[in-house]
Amino acid sequence: MISKMLSSELHNLYKVSIIGAPAVGKTTILKLLSKNTIDRIYLPTHGFDLKTVKFDSFTIKLWDFAGQQGYLKSCSRDHLLGSDLLFVVTDSSPKNVLKSRELINYATHFVENNCPIIVIANKQDLAKNDGRMEPKRVEDILHVKTYGLTAINPAERNKLMNIIKKELEKIAKRRMKEIAF
Amino acid sequence: MHFNEKELFGAALIGFDMIDGPFLKWKRGYSESANLLKLDDFAMNFYLAFRGGNAGKKPRAILYDKFYIVAFPRDLELCCLFMKPQGIENNLKELNKIALRIIDEMEVNDNDSEEDSDVSNEDTVDEIKRLILNLLNGTQMSTPELRRYFKLSNSQIWKVMSDLESANKVKRFKKKGRTVIWTIG
């Protein structure tokens with residue numbers, strides 16, 4: 001009975017990793033998902049933060065990695081292993097989007113081939129005059145499925161949940177097939 | 001040094017799962033002070049504080065505002081003992097004075113050495129400006145603080161701040177002595 005419960009919990013457990021340059025909004029996304037208050041003060045993450053979020057039948061372990069290069073090289077490399085879903089967050093500015101391309105190339109070495117990589121074009125509330133790029137434009141540059149987001153807006157939580165849910169449902173189907181096989 | 005077992009108000013064992021990371025495996029409270037913190041929420045932070053990073057020395061004890069933790073690792077697990085410090089307020093006050101003195105001395109030394117670090121790259125300057133705007137969002141920081149954050153010289157930080165000020169992206173919030181405090185424009 002216990003082992004059955006445990007196996008069902010493990011079956012619905014997903015590791016979701018969030019990476020990106022410093023100050024693009026990774027921790028804000030984590031706060032948005034875990035319904036924590038979003039303040040506007042930027043405090044860099046040291047190492048990484050972990051949160052558990054449950055919705056529908058999914059239990060998600062969210063890994064929020066520090067954006068600093070030093071942390072990325074020493075810490076995230078090992079901890080990215082085993083990710084079921086990888087979010088690469090950009091602040092939608094042209095330079096940062098180009099940096100994200102390097103980051104995606106780097107990360108692909110440490111996640112499985114079947115781990116979906118999704119780009120979040122964050123800070124969509126910024127003015128276009130400030131160089132903010134549309135999600136479609138970001139997707140064209142990065143060749144990775146991209147969603148626009150304003151993580152400081154709590155109303156966007158459902159939008160983000162739906163993005164994750166859509167991806168996790170695909171992974172769940174794949175897992176079922178693997179088990180059946 | 002005396003050991004006083006009464007200082008111990010709780011214990012916890014933090015396990016580590018290769019997929020999930022640190023998790024609270026077991027906990028026990030010895031007194032009502034055990035409710036001082038939600039261990040389930042802090043297990044990760046404690047684990048990272050004691051075992052963060054891949055190499056180098058790790059702390060054995062960490063002093064927080066109202067308690068301290070002494071931790072003993074065993075393989076990937078970490079056994080944390082939560083203690084309530086008694087009679088250390090005076091020591092902390094004295095240590096704080098020393099720390100402030102050291103910070104002041106460092107400040108003077110920093111100002112003396114005007115060696116420019118390599119921030120000639122336009123991309124680096126832009127990245128610094130972007131981060132400064134994020135840092136100042138909703139708060140204020142002084143020029144020396146910002147200079148230390150980015151390891152810049154006085155002239156370099158002033159060049160960056162002047163550029164941002166001219167673009168109306170930051171403004172002078174107030175002056176503290178000779179130090180300018182900045183905020184978002």
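This is a predicted model: local features need pLDDT of at least 70, side-chain atom pairs count only at pLDDT 80 or more; totals for chains, interfaces and linings use all residues.
## Extent of the interface

The size of an interface is often given as the accessible area lost when the parts come together. Chain A contributes 24 residues to the contact, while chain B contributes 19 residues.

## Polar and charged pairs

Between chain A and chain B there are three salt bridges, one of which joins the side chains of A:D91 and B:R130 at 2.9 Å, N to O. Six residue pairs, with both partners at pLDDT 80 or more, are in polar contact across the interface of chain A and chain B.

On the side of chain A that touches chain B, at least two residues come from each of β1 (13-20), β2 (48-55), β3 (58-65), α3 (69-79) and α4 (94-107) of chain A.

## Architecture of chain B

Chain B holds eight strands and five helices, and its elements follow one another from the N terminus in the order β-β-α-β-β-β-α-α-β-α-α-β-β. Where contacts in chain B link residues at least 6 apart in sequence, 48% of them join residues at least 24 apart.

Of the 185 residues in chain B, 34% are buried. The accessible surface of chain B amounts to about 12,300 Å², with 52% belonging to carbon and sulfur atoms.

Key: Residues are numbered from 1 along each chain as its sequence is written. Chains are lettered from A and ligands numbered from 1 in the order in which they are written. Side-chain values use heavy atoms; hydrogens and water are left out. Contact means heavy atoms within 4.5 Å. A salt bridge is a side-chain nitrogen of Lys or Arg within 4 Å of a carboxyl oxygen of Asp or Glu. A polar contact is a pair of N or O atoms within 3.5 Å; within protein, one must be able to donate a hydrogen and the other to accept it, and residues adjacent in sequence count only if both atoms are side-chain atoms. Helices (H or I, at least four residues) and strands (E, at least two) are DSSP runs, numbered from the N terminus. Buried means under 20% relative accessible area, exposed over 50%, partly exposed in between (1.4 Å probe, protein chains only). Accessible areas come from the Shrake-Rupley method with a 1.4 Å probe; for residues, only the protein chains shown count as cover.
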